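Q: I am new to this structure. Please take a close look at a single part of it, and connect that part to the rest.

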Amino acid sequence: LDQTELIQGIVVDKDFSHPQMPKRIEDAKMCILTCPFEPPKPKTKHKLDITSKEAYDRLYEREQAYFTEMVDQCKACGANLVICQ
C-alpha cells in the first residue's frame, strides 16, 4: 500500500514504440486505431515479384508514402497520442 498512488486521469498500460517518446502527456487527444500503424502486408493469395533494385525502390517509396499519409491524417485530426494494435 505504500507504493499506491491516486492518478487523476487515465493510465494506459502500453509499450512504447520508441524510447524517446514522452512518458506523460497532458491534455491528450487520443487517436485509437484498430489496425497496425504500418503499411499493409500483401495477402498470401497475391504474388509480389521484385526483380530489380528499381522495383524495390518503387515499392519502398509507396510504403513510405502510405505511412506518411497515415501520420498526416493523425496529425490533421489533432491527435497527440496514437494507440494501435
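A: Gly 78 follows α1, and its phi is positive, near 90°. The model is a predicted one. With that in mind, step back into the helix itself.

Helix α1 covers residues 53-76. How far apart are its end C-alpha atoms? They are 34 Å apart. At 1.5 Å a residue, the 24 residues of α1 should span 34 Å, so the two values agree.

Now the side chains along α1. Take Lys 53 and Asp 57. They form a salt bridge, with the closest N and O atoms 2.8 Å apart. Both sit in α1, four residues apart, so about one helical turn separates them. An α-helix has 3.6 residues a turn, so residues three or four places apart point the same way. How open are the two partners? Lys 53 counts as exposed because its relative accessibility is 57%, and exposed means over 50%. Asp 57 has 28% relative accessibility, so Asp 57 counts as partly exposed.

Two tyrosines in the helix come next. Tyr 56 and Tyr 60 both lie in α1, four residues apart, about one turn of the helix. The count of aromatic pairs comes to one. Tyr 56 and Tyr 60 form that pair, and the pair is stacked. Their ring centres are 6.4 Å apart, with 20° between the planes. Planes under 30 degrees apart count as stacked, so this pair qualifies. Are these tyrosines buried, exposed or partly exposed? Tyr 56 counts as partly exposed, at 46% relative accessibility. Tyr 60 also counts as partly exposed, at 42%.

Next, the buried side of the story. Which residues of α1 are buried? They are Ala 55, Met 70 and Cys 74. What covers these buried residues includes the strands β1 (30-32) and β2 (81-83).

Cys 74 leads from the helix into the core. The largest nonpolar core has five residues in all: Cys 31, Leu 33, Cys 74, Ala 79 and Cys 84. Cys 74 belongs to α1. Ala 79 is another member of this core. What does Ala 79 touch, leaving aside its neighbours within four places in sequence? Ala 79 is in contact with Lys 29, Met 30, Cys 31 and Cys 74. Cys 31 and Cys 74 are core members too.

Now place the helix in the whole protein. There are one helix and two strands. Along the sequence they follow the pattern β-α-β.

What about overall size? The C-alpha atoms fill a box of roughly 60 × 30 × 25 Å, taken along the principal axes. The radius of gyration is 18 Å, whereas a compact globule of 85 residues would have one near 12 Å. Buried residues make up 9% of the 85 residues.

The structure holds two salt bridges. Another joins the side chains of Glu 26 and Arg 24, at 2.8 Å from N to O. Both Glu 26 and Arg 24 are exposed.

Notes
Residues numbered from 1 in each chain as written. Predicted model: local features only at pLDDT ≥ 70, side-chain atom pairs only at ≥ 80, totals over all residues. Heavy atoms only, no water. Salt bridge = Lys/Arg side-chain N within 4 Å of Asp/Glu carboxyl O. Buried < 20%, exposed > 50% of the residue type's maximum accessible area, 1.4 Å probe, protein only. Expected span 1.5 Å × (residues − 1). Contact = heavy atoms within 4.5 Å. Phe/Tyr/Trp six-rings, centres within 6.5 Å; stacked < 30°, edge-to-face > 60°. Core = buried A, V, L, I, M, F, W, Y, C linked by side-chain atoms within 4.5 Å. Rg over C-alpha atoms; globule rule 2.2 N^0.38 Å.
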